Amino acid sequence: MLTLAPLTPSDLPSVAHVTVHPDQIKFSGTVAEAFQASEPDVDFHGIFENDTAVGFFKIDRAYAARYPFAAPHGLGLRAFMIDAARQGTGIGTQSCRLLPDYLRARYPDQSKLWLTVNFTNPTAYRAYRSGGFQDTGHVWPHGDAGPQNVLMLNYTAEATSPRHKSGPSSHLSANRAAQH
């Protein structure tokens with residue numbers, strides 16, 4: 001059974017083994033980097049399968065102050081990672097589907113979760129979309145690893161299930177076409 005749970009700084013040993021493929025570090029960073037950073041507005045969370053950590057993510061409570069595209073009452077999803085040994089098993093998508101109930105319980109004064117996903121990371125894009133995030137059609141051009149699609153998850157109780165597009169935004173498609 002897959003569950004999400006808050007983590008404290010003393011919980012690093014329970015998630016320290018979660019690693020991504022070396023070429024993915026530019027997108028998510030590492031668990032150790034997350035725990036070493038001094039970010040008072042960021043909360044850590046683990047993704048667990050049968051009490052074993054299989055993923056990690058951060059919720060940024062000050063995301064809207066850093067990213068002008070985010071709604072004033074929105075949170076940011078950052079450093080979302082699924083352990084390399086467990087990728088491709090649906091855990092990323094399942095974790096995203098658990099986020100609305102999880103966030104409503106922990107951040108009841110918020111209603112939207114924002115993230116950016118790099119144009120060159122189509123696997124993550126598909127997982128987020130399958131997990132309920134909507135592509136806003138906006139592009140964040142200032143990503144450390146290049147331009148990024150802006151996605152949003154409305155997790156209010158009144159929100160209906162989002163309609164899923166079949167593929168990445170036109171910006172991603174145009175970028176991929178330009179690379180070939």
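**Helix packing**

Reply: The crossing of α5 and α6 is right-handed, a term used if the near helix is turned clockwise from the far one by less than a right angle. Helices (H or I, at least four residues) and strands (E, at least two) are DSSP runs, numbered from the N terminus. The model is predicted: local features need pLDDT of at least 70, side-chain atom pairs count only at pLDDT 80 or more, and totals for chains, interfaces and linings use all residues. Residues are numbered from 1 along each chain as its sequence is written, and side-chain values use heavy atoms, with hydrogens and water left out.

Me: Which residues of α5 and α6 make the contact?

Reply: Contact means heavy atoms within 4.5 Å. Thr93, Cys96 and Arg97 of α5 meet Ala127, Tyr128 and Ser130 of α6.

Me: What is the angle at which α5 and α6 pack?

Reply: Two packed helices are described by the angle between their axes and the distance between the axes. Helix α5 (residues 91-106) and helix α6 (residues 122-130) pack at about 40 degrees, their axes 8 Å apart.

Me: Which residues of α6 are buried?

Reply: Buried means under 20% relative accessible area (1.4 Å probe, protein chains only). In α6 these are Pro122, Ala124, Tyr125, Tyr128 and Arg129. They cover an arc of only 155 degrees around the axis, so they lie on the same side of α6; the arc is that of the directions from the helix axis to the C-beta atoms.

Note on methods:
Axes are lines fitted to C-alpha atoms, for helices over the stretch in contact, and angles run from 0 to 180 degrees between N-to-C directions. Buried means under 20% relative accessible area, exposed over 50%, partly exposed in between (1.4 Å probe, protein chains only).
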